[in-house]
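The sequence and structure come first.

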Amino acid sequence: MVAPDKYTAEKILWIHPWAPNLFSFKLTRHKGFRFTPGQFARLGVKKPDPDNPKNPSGEKIVWRAYSIVSASYDEHLEFYSIVVPGGEFTSELARLKAGDTVYVEKTNYGFLTTDRFEQGKDLWMLATGTGLAPFVSILWDMKTWDDYENLIVVHSVRYPNEFAYADTIAGFRSHEHFGAQGHKLHYVQTVTRAKAPGALDKRIPALIESGDLEARIGLKFDHDRSRIMICGNPEMVDDTRKLLQAKGFVTSRRGQPGHLAVENYW
Ligand code: NAP
């Protein structure tokens, strides 16, 4: 249970469906809520709890972690979600509509942030599915563009209709906000259960092992240059981390910057 003074009640302002099981939504943002791009919030939705004798209210709040898609300076908070069939949280969330309430913990969480790194030249952002969310927030941060020579986004999905935020990411190349720095962005899509024009067709670890990812981008994984963030399916995160560790890349720890920062998405 989260104590009532630890969260705020926010309103859903906007819901955008991407595919039958994928949607984004925007919430009002409490003026005291702060975060660093790449971090996540804990969101709560109210559910009936009718047969619990310890809970006479007949309702409970269910909580889940959600990476924030928005820029840190945005007026609202945007999130990107999958609907897990029968899932306690996401199926409730998917039923909500504009004007309904979602609770947001006042604390921000997570270490998938660029301040875990020092002195890199190429920032690799490797994502599966909804694990893309924190990288959109990181890309809205001007500092990311100033600090790196190359920004590489790799998004792996099962089917081509799951490429949420594709226009936003491609649009960063010519966005006025980033001036002449748009050319730094490399955006690679991979689709693993269908063919899609222009996209690669294997999982991220396989693309690293074969050298196909480096070949597509024209950059090598390099200890001096590469700083690598991984987010999404926990098995993908684990496999990719191990693969890169075997190549001598080191996970960043508190006060010990390395090459890798990771977040499991569920
Ligand atoms: P997903 O299974 O994560 O697939 C997305 C991409 O990741 C696909 O290209 C997939 O390739 C790849 N992938 C999967 N396992 C991998 C691994 N071990 N190594 C490398 N790549 C891997 O699909 P999703 O649609 O995002 O999520 C599927 C399920 O995940 C949901 O039904 C739900 O159960 C769970 N999920 C839960 C939450 C949550 O609770 N918050 C959030 C997201 C997802 P393949 O096509 O080859 O598998």
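Tyr66 counts as buried, at 5% relative accessibility (buried means under 20% relative accessible area, exposed over 50%, partly exposed in between, with a 1.4 Å probe and protein chains only). The model is predicted: local features need pLDDT of at least 70, side-chain atom pairs count only at pLDDT 80 or more, and totals for chains, interfaces and linings use all residues. Residues are numbered from 1 along each chain as its sequence is written, and side-chain values use heavy atoms, with hydrogens and water left out.

The structure holds 19 aromatic pairs (rings of Phe, Tyr and Trp, the last by its six-membered ring, with centres within 6.5 Å; planes under 30 degrees apart count as stacked, over 60 as edge-to-face and the rest as tilted). In one of them, the ring centres of Tyr66 and Phe89 are 5.6 Å apart and the planes stand at 40°, so this pair is tilted. Tyr66 belongs to strand 4 (residues 59-67) and Phe89 to the loop between strand 5 (76-82) and helix 1 (90-93), so the pair ties together parts 23 residues apart in sequence. Helices (H or I, at least four residues) and strands (E, at least two) are DSSP runs, numbered from the N terminus. Phe89 is buried too, with a relative accessible area of 1%. Tyr66 and Phe89 form one aromatic cluster with Phe23, Phe25 and Phe79.

## A stacked pair and a charge over a ring

Trp145 is buried, with a relative accessible area of 0%, and Phe178 counts as buried at 1%. The ring centres of Trp145 and Phe178 lie 4.3 Å apart with planes at 20°, so the pair is stacked. Trp145 is in helix 3 (residues 142-147), whereas Phe178 is in the loop between helix 4 (166-172) and strand 9 (185-191), 33 residues apart.

The charged end of Lys26 sits over the ring of Trp14, 5.0 Å from its centre; the rule asks for NZ of Lys or CZ of Arg within 6 Å of the ring centre and within 35 degrees of the ring normal.

## Salt bridges

A search of the whole structure finds 15 salt bridges (a side-chain nitrogen of Lys or Arg within 4 Å of a carboxyl oxygen of Asp or Glu). One of them joins Glu105 and Arg42 at 3.1 Å, N to O. Glu105 lies in strand 6 (residues 101-105) and Arg42 in strand 3 (residues 40-48), so the bridge ties together parts 63 residues apart in sequence. Glu105 is buried, at 7%, while Arg42 is partly exposed, at 24%.

Arg225 and Glu149 meet in another salt bridge, at 2.9 Å, N to O. Arg225 is partly exposed at 27% relative accessibility, and Glu149 is partly exposed at 41%. Within helix 7 (residues 234-246), Lys242 and Asp238 are 4 residues apart, about one turn of the helix; their closest N and O atoms are 3.1 Å apart in a salt bridge.

## Two domains

The chain is divided into domain 1 (4-105) and domain 2 (114-264), with bounds from an automatic or database domain assignment. Their C-alpha centres lie 26 Å apart. The contact (heavy atoms within 4.5 Å) takes 22 residues from domain 1 and 16 residues from domain 2.

Domain 1 and domain 2 bury about 1,500 Å² between them, 62% of it on carbon and sulfur atoms; buried area is the accessible area (1.4 Å probe) that two parts lose on being put together, summed over both. How many salt bridges cross the interface of domain 1 and domain 2? The rule finds 0 there.
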